[in-house]
Amino acid sequence: MKTAVIFGVSGQDGAFLSRLLLEKQYRVIGVCRNTGNAFLNNLDLLNIRHRIELIPSSIGHFDHVKQIVQEYKPDEIYNLAGQSSVSRSFEEPVATFEGISIGTLNLLETVRTLNLPVKLYNAGSGDCFGNTRGRVATEETPFNPASPYGVAKACAFWQVAAYRDAYGIFACTGLLFNHESHLRPAQFVTQKIVKTACRIAQGKCSELILGNIGIERDWGWAPEYVVAMWKMLQQETPDDYIIATGTTIRLEDFIRAVFQRLNLDWKKYVTTDHRFLRPSDIATIRANPQKAEDRLGWKAKFTGYDVARMMVEAELNIEGNQLGL
């Protein structure tokens, strides 16, 4: 039985990754800031909380990180911790940068000083690339982050690359583009759209207010993306990979797909407000995940249109709605 330690186990990706590893007969050690009931909802939704060994701790404390790794001696470590909202990073830039960059450094230093045969996965982001002016990003595309979140993720990426080259550590970064599910927090725009649309269908509200609905993103299905994380650590040689669908759609198209699933005309309910605009935003994001397909054998099955439909269906199922749809 392999042992995996997941930092940030209570988030969307941490929950789906835990389920995947449990299916593969791993022993899963989950680390999160707070192990109270209110913070473990994602694990409960997947019915796996009781199968995970939970540790209340923070990746920001080096001594705690080192103690956990030294005690459990995991085969694999997954770094999924840190603030993950681009919008929120503009409001909390210092906390975002420290949480992501210092946390990653703590893990790298732990692996280096303990000298254990452990493989480390670091959660990167397509936001590292920033504005590519509509060009398709590959692993060779220079970084040009446009948000505090993107800057922090770029810093962590280069930390991983530096330790890998300098100390021979098996460490890699997955440059994951937008990936969504029903486990996303409500502040993420996709989840805001889905939850509000469902409430409109129930007659509980009448309006969805958004910012720029003309942006274009590569939205994928999160349960597929954690498979790519796992596959990266099964390789003989560590490397970095873009994980994306390769298909970009407009936010307006995502909105339309959500409302269509509910038999509603989105134009009757959606309005825009400049108060929801970010200080800096990227108009179009495009990604080429060919390297992951060629070397990992990983390819996304679902595009943004599928994600919109599946998120609505999951929301209806969670709430037990009987809308006859």
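Predicted model: local features only at pLDDT ≥ 70, side-chain atom pairs only at ≥ 80, totals over all residues.
## Overall form

The protein chain contains 11 helices and 15 strands. Its radius of gyration is 19 Å, close to the 20 Å that the globule rule gives for 325 residues, so the chain is as compact as a globular protein of that length. Taken along the principal axes, the C-alpha atoms fill a box of roughly 60 × 45 × 40 Å.

Of the 325 residues, 54% count as buried. Among contacts with a separation of 6 or more, 79% are made by residues 24 or more positions apart.

## Surface and charge

The accessible surface of the protein chain comes to about 14,500 Å², and carbon and sulfur atoms account for 46% of that area. The chain carries 36 positive and 35 negative side chains. The centres of these two sets lie 2 Å apart.

## The nonpolar cores

The largest nonpolar core has 39 residues, of which Leu-17, Leu-21, Tyr-78, Tyr-121 and Ile-243 touch the most other members. Both helices and strands contribute to this core: at least two residues each come from strands S1 (3-7), S2 (27-32), S5 (119-123), S7 (170-176) and S12 (241-243), and from helices H1 (12-23), H8 (222-232) and H10 (290-296). Helix H8 supplies the largest share, seven residues.

A second, separate core of 27 residues includes Phe-254, Phe-259, Val-270 and Val-307.

## Helix H9

Helix H9 spans residues 251-261, and eight of its 11 residues are buried, so the helix is largely enclosed by the rest of the structure. The buried residues comprise Leu-251, Phe-254, Ile-255, Ala-257, Val-258 and Phe-259, together with Glu-252 and Asp-253. Two of these, Phe-254 and Phe-259, are among the members of the second core.

The cover over the buried residues of H9 includes helices H7 (189-201) and H11 (304-319), as well as strands S9 (208-210), S13 (249-250) and S14 (270-272). After H9 comes Asn-263, which has a positive phi, near 60°.

Conventions
Residues numbered from 1 in each chain as written. Heavy atoms only, no water. Helix = DSSP H or I, 4+ residues; strand = E, 2+ residues; numbered from the N terminus. Rg over C-alpha atoms; globule rule 2.2 N^0.38 Å. Buried < 20%, exposed > 50% of the residue type's maximum accessible area, 1.4 Å probe, protein only. Contact = heavy atoms within 4.5 Å. Areas by Shrake-Rupley, 256 points an atom, 1.4 Å probe, with all protein chains shown as cover. Lys, Arg positive; Asp, Glu negative; His and termini not counted. Charge placed at Lys NZ, Arg CZ, Asp CG, Glu CD. Core = buried A, V, L, I, M, F, W, Y, C linked by side-chain atoms within 4.5 Å.
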